[in-house]
Amino acid sequence: MTIGQMKAIGPRLLAGRDPSPVEVLNPNSDFPVVLLCEHAGQCVPERLDGLGIGRDDLDAHIGWDIGAAAVTRHLAELLGAPALLQNYSRLVIDCNRPPEAPDSIPEASDGVTIPGNRGLDPADRQARIDEVFWPFHEAVDGLFDRTDRLAAFSVHSFTPVMDGIRRPWELSFLYRKDKSTSEALRALVRAQRPEMEIGMNQPYQIEDASDWFVPRHGEARGLAHSLIEIRNDLISHPDQQRAWAVLLAKVILEFLKDK
């Protein structure tokens, strides 16, 4: 049975003026790396009436990964690589979490209550899964099915402070079984920027119950992979975003020389 056949029939979520959940850059590229950005967007379907929160909340780190989309766009341009960006806010549904995870559609995030996510009935929840989550991941599958790839990297950002605790890392690589790829990337970054504070599995760790990219796309395909986290105060402006993309493009090209 296919994913499409397993989908439940529920109320339609996306209307004519709502954007597609996925944007594909360089869709015909045979570059051996696929780039993902699951938390690229801030869109909310018109039917959800802004989830009952303000624009400031959607602009904050709870609404999206600040700067990650721009870095991904620059990376795709510099490398000529295929990239997929997810256009809806992570508060609509988090496309880097299993859809059954409790915080896949959070009722609160970093102390902010999300009224539009409270008390969802199963049909409303399923509509978000069917119309946002699966279309994005089916598009990812399509890029991998199109041609052989050597690696996949997912670009994210994290807030400098959480729960009053400062996060000192400028960059971090998240992994589980494929430790060697993240270690190689760290070494290549340090060759360029020896002073950089680099974390490994910081400020998060990968688990089946809370993550999708690493277990379902990287590990399941046996590809070299890493989830790349950049501290968001370092990529909040266009010049920073471009500079980080230039650094990561150099690192990825060096990494591919050994593949």
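Predicted model: local features only at pLDDT ≥ 70, side-chain atom pairs only at ≥ 80, totals over all residues.
Figure 1. With a relative accessibility of 3%, A127 counts as buried, because buried means under 20%. A127 is part of helix 4, which spans residues 122-146. The C-alpha atoms of A127 and L13 lie 5.9 Å apart in space, although 114 residues separate A127 and L13 in sequence.

**Figure 2. Side-chain directions in strand 9, residues 171-174.** L171 and F173 point one way from strand 9, while S172 and L174 point the other way. L171, S172, F173 and L174 are all buried.

**Figure 3. Pairing of strand 9 with strand 10 and the crossover between them.** Strand 10 covers residues 198-200 and pairs with strand 9 in the parallel sense over three bridges. Within this pair, S172 stands opposite G199 of strand 10. From strand 9 the chain passes through helix 5 (residues 179-192) to reach strand 10, a β-α-β crossover that is right-handed.

**Figure 4. Pairing of strand 9 with strand 11.** Strand 11 (residues 224-231) pairs with strand 9 in the antiparallel sense over four bridges. L174 has L227 of strand 11 as its bridge partner.

**Figure 5. The largest pocket and its lining.** The volume of the largest pocket is about 560 Å³. Its lining consists of 31 residues, and H39, R90, D94, R97 and Y204 lie nearest the centre. Strand 4 (108-109), strand 6 (151-158) and strand 11 are the elements that each give two or more residues to this lining. Strand 6 provides the largest share, three residues. Sorted by class, the lining of the largest pocket holds 11 nonpolar, 10 polar and 10 charged residues.

Methods. Residues numbered from 1 in each chain as written. Heavy atoms only, no water. Buried < 20%, exposed > 50% of the residue type's maximum accessible area, 1.4 Å probe, protein only. Pairing = 2+ DSSP bridges. Right-handed = clockwise from strand over helix to strand, strands pointing away. 1 Å grid on protein atoms, 1.4 Å probe; cavity = no way out; pocket = protein on both sides within 12 Å on 5 of 7 lines; lining within 4 Å. Points joined across faces, edges and corners; volume = space filled by probe spheres on them. Nonpolar A, V, L, I, M, F, W, Y, C, P; charged D, E, K, R; others polar.
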